[in-house]
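Please read it alongside the sequence and the structure shown here.

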Amino acid sequence: MAHPGTAVGRLLLLLFVGAVCGVMVAGLMIPAAAVAGSAAGFSAGFIRKLPDELKIDTPAQATTVLASDGSVIATFFSQNRDSVALDQMSPSIRNGIVAIEDARFYEHGGIDPTGILRALAATAGGGRQGASTITQQYVNNVIIQSHIAAGHPDQVKLGAAKTVGDKIREMKLAIALEKTYSKDQILQGYLNIIYFNHNVYGIEAAAEYYFGVHAKDLSLPQAATLAGVINNPAYFDPVTEPAHAIGRRNIVLHKMLEQGKITAAAHDSAIKSPIGLNVHPARQGCMAAVTAPYFCDYVQRLILNDPAYGADEDARRNVLYRGGLTIRTTLDPGLQRVAQDQVNATIAGTDPLQRGAALVSIEPGTGKILTIAQNTAYNPAPAPGNYMGNFALPATDANGHPLDGAGGFQIGSTIKPFIFAQWLNAGKSMNTVLNGAVRDYPPGFPWTNSCGTTTGAYDPATGTHLLPNDDPNHYYPMSVLQGLYQSINTITFQSASLLDLCDVQKMTTAAGITDGHTNKPYDFSNISNLIGSVDVAPVTMANAFATFASGGTYCAPRALVSITDSHGSALPVPGPDCHQSIDPGVAAGVTYALKNVLTRGSGYNIPVNKTGYDIFAKTGTTDGNTMTWTVGATAGIATASWFGSYKGTGPQWVNQNITINGRYYAGVDGADLAGGQWGRFMDAAAPRFKTSAFGRPPAPTLETPAR
């Protein structure tokens, strides 16, 4: 038997289909009683058993991620498509497609016996002419898309792979489709689903890709070019095969002239036109998110991790890349640009020591993430400065799903405000004087920790050094307040020795602080953790300080505002999750104390407006100056700023006796690079948000106890 792909096979197939064509019309249109007992009746019965319902889902659509002002951050798609209504398509493309693909489109009922006869004649004469109508082509494309959407691309059949049964089924579906939809609806669906090469689907995306215009603005020669592409998108590709494309375009124009769809003058002018390409390759995914790729990656992970968008990650990825979602986020694009400029200026992403810089901002009282910026390039290619890990985020979410986060960094002295907060929460005064000269904490020291045990030592007798301060001039009695704003380790230890460390842990938990790798509560089982040896993510620290700035109201960080599908229907998005977690008086005491950091404490040289409105901060520096921080807030915006090594904490990454941006540092302190980018950013950001004064601490917390 001849193969359907050969000339003889095609002729036999067309003869058979031609014979079936009349039977099919009869089988669908004539009552069964009229043909019962005849060959036609038998064939009609066979045809009736074929499916005649076609489920037309919206074809794969691009998902758009928007910033808070509606500007586009990124798009995600498996097929570059942007569906538009027929009245948003140039008349030239509508007429051109009909002229070249199916001149009798508005006359037949889904299949065209006249077209089949023409194809039979052409095949018999040694030529080749298609017989499928636009409706049949639409049916074929819908079937292909349904297989792909269901995850079964292997079930797609093209060309010679189709059996006679496949062709007859498509014909029946085409006839049934014409009973349900108008011609214009079918043409609209066809023009939105058809393939134009380069992963471009639908006329809107094709117009934008090849000519940089919307479908409604296509000129006659542009429309004729695109109408010609669909017959064989690779062969008639205007980019790679311009001669083929022009030849095919001119055939389309001749057809349009023959059918009276354009004038001779329009035809002659279009024939003379150059192809006039203005190619705009569609960029998608977070690598194309120039201003906020790491925020984009976070949004992507939120979708891929949430069961609300699919049973598993593959299903959610299908929704993200094919579902035509509109994802509105909390990102402030103006501030994001400022943040990105700051981290880029702090250290080049191609730094040979692989040091990083990051800024993360959150709005107190709402949890909205406003910025996520870091100095590396979001790119998987192995090249200097490329890094896919997100400095801002923990490694996983609370359910163990990946966030692509770096897992946080040792936070140094930025943990101290939470020990101070528990000091106030325990009813103690910030003006209590403690002995900052105590440096020896031997094994067996009587720490109180009702959650467990606390070990570790600073004791030369055990081979460890005495507890150090940042400089040798602060080993003397001072208030807990002074110990905080000047970041004196010995005072922090003395205050912690008078508290239940389990209660200190409860305070850090109330502010949302967790280990960036395990998501477990901040751990005080080792005394070194009192000065910040646990890795915590910058977004977590920004939000913890936002809790103080909002008067003790904790709000879970959030990046999503709303999500709608391609039909405009709302999908579930976690709303604001806020509650009072810290006593307002305690929060007021912390903000009161931390304002002093910027005026007479460890951050006095940070370049930030310290008098125009209430603003507070805390610096942090770890051993070897490897990790450095400044975290702080106004009433309207909280920001965590980090500078350090994202590859490790070993001696090769020590930031001492080093020159950065032409400046020598004996040791990089938290107030230096992290503080500098924090201050400049906050000067730009703070006036755009609330700048109201913080509350005054309760009187007992300010009293000077009798000694």
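## Disulfide pattern and links

Counted along the chain, the bonded cysteines of the protein chain pair in the pattern 1-2, 3-4, 5-6, where a disulfide is a pair of cysteine sulfur atoms within 2.5 Å. This is a predicted model, in which local features need pLDDT of at least 70 and side-chain atom pairs count only at pLDDT 80 or more, while totals for chains, interfaces and linings use all residues. Residues are numbered from 1 along each chain as its sequence is written, and side-chain values use heavy atoms, with hydrogens and water left out. By the sulfur rule, the count comes to three disulfides.

| Disulfide | Sulfur separation |
|---|---|
| Cys286 and Cys296 | 2.2 Å |
| Cys451 and Cys502 | 1.8 Å |
| Cys555 and Cys578 | 2.1 Å |

The link of Cys286 and Cys296 is left-handed, with -80° about the S-S bond. The torsion about the S-S bond is about 55° for Cys451 and Cys502, so this disulfide is right-handed. For Cys555 and Cys578 the torsion is about 115°, so that disulfide is right-handed.

Cys286 and Cys296 are both buried, which is to say under 20% relative accessible area, with exposed meaning over 50% and partly exposed in between (1.4 Å probe, protein chains only). Cys451, at 46% relative accessibility, is partly exposed, whereas Cys502 is buried at 5%. Cys555 is buried at 3%, while Cys578 is partly exposed at 34%.

## Leu191

Leu191 is buried, at 0% relative accessibility. Leu191 touches, among others, Leu86, Met89 and Ile93, not counting residues up to four places away in sequence, where contact means heavy atoms within 4.5 Å.
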